[in-house]
Amino acid sequence: MDIHVLLWIYFTVPITPDGFFLISASKDSSPMLRNGETGDWIGTFEGHKGAVWSCCLDTNALRAASGSADFSAKLWDALTGDELQSFEHKHIVRACAFSEDTHLLLTGGFEKILRIFDLNRPDAPPREVDNSPGSIRTVAWLHSDQTILSSCADIGGVRLWDIRSGKIVQTLETMSPVTSAEVSQDGRYITTADGSTVKFWDANHFGLVKSYDMPCNVESASLEPKFGNKFVAGGEDMWIHVFDFHTGEQIGCNKGHHGPVHCVRFSPGGESYASGSEDGTIRIWQLSPASHDENDSLPGNGPTGKVKVSADDVAQKIEAFHISKEGKTTEKDKATDA
């Protein structure tokens, strides 16, 4: 088994004064921080003794968090790489998420318990939310930290929990377990991937907005954050599919990974998206400017510009980075059009 299998990737939201960053989790137990635009390695967080299943950055990119198979969630200083706190659990921690105000850390995993840690009082016992009906796969915050979202690895549906009562207030029903759940930057939509379906839900009224069948079982999906007019999905066929949000029509397909895709996420400005795969690589793909309104200018994110890809050149791979255990970056050969 390749210990470099990429299990999770996460971009900073919003863009910081220093640009935006990407953090990745893999089976090698060492989350890595990278420049979100170029993919260049910045640092490695060392301290876990098992596969890292989830990772995230706070909104200021000053702290990172990770959840691991070593039965712990860890809080890190994202500037120095130092471990700030280790929160012990009784089983594998599969998911973690900072609250929007960065004061709280939410965790979930095989114990079927959602825990909320107060980062202003890290030594205090966490608040435990009512037991989840299954092993927790994903977690997220919404509604200005008044609601938390979770999905399970072994049963379908997404559950919305009221933070005040600690009770489930709504369940978004799906046929298969939800492997990815993302709250859009504007707070309007929840994007889920379950089996071979990507769904979009109204994040305020919880109704199903759109549901699209995918060409294969997908593990992850992400909605373009600036215009909301397209989404990407990746899964077992090793390709990154690009779809029109309004029609569900496939408008692009990026080929380059050599193993199933476990996670896809758009950058905070929507000009690129990243994919993490079983093959041990993160690939950063540039989005065609033709898909944006010509009257809208794309934001400048970071110190260097990039050549945009034409709409017909959808299979062109812009950047690919192999994740080595030492944290060094090796640029892979560029993929060709299929």
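The structure holds 2 cavities of 30 Å³ or more. This is a predicted model, in which local features need pLDDT of at least 70, side-chain atom pairs count only at pLDDT 80 or more, and totals for chains, interfaces and linings use all residues. Residues are numbered from 1 along each chain as its sequence is written, and side-chain values use heavy atoms, with hydrogens and water left out.

On a 1 Å grid over the protein atoms alone, a cavity is a set of points where a 1.4 Å probe fits but cannot get out; a pocket is an open set with protein on both sides within 12 Å along at least five of seven lines; lining residues have an atom within 4 Å of a point. A volume is the space filled by probe spheres set on the points, which are joined across faces, edges and corners.

| Space | Volume | Lining residues by class |
|---|---|---|
| Largest pocket | about 930 Å³ | 22 nonpolar, 12 polar, 6 charged |
| Second largest cavity | about 40 Å³ | 4 nonpolar, 4 polar, 2 charged |

Here Ala, Val, Leu, Ile, Met, Phe, Trp, Tyr, Cys and Pro count as nonpolar, Asp, Glu, Lys and Arg as charged, and the others, Gly among them, as polar.

Of the 40 residues lining the largest pocket, Y10, V13, W141, V183 and S184 lie nearest its centre. Strand β13 gives the most to this lining, with 5 residues.

K199 is found in strand β18 (residues 197-202); strands are DSSP runs of E, at least two residues, numbered from the N terminus.

Methods:
Helices (H or I, at least four residues) and strands (E, at least two) are DSSP runs, numbered from the N terminus.
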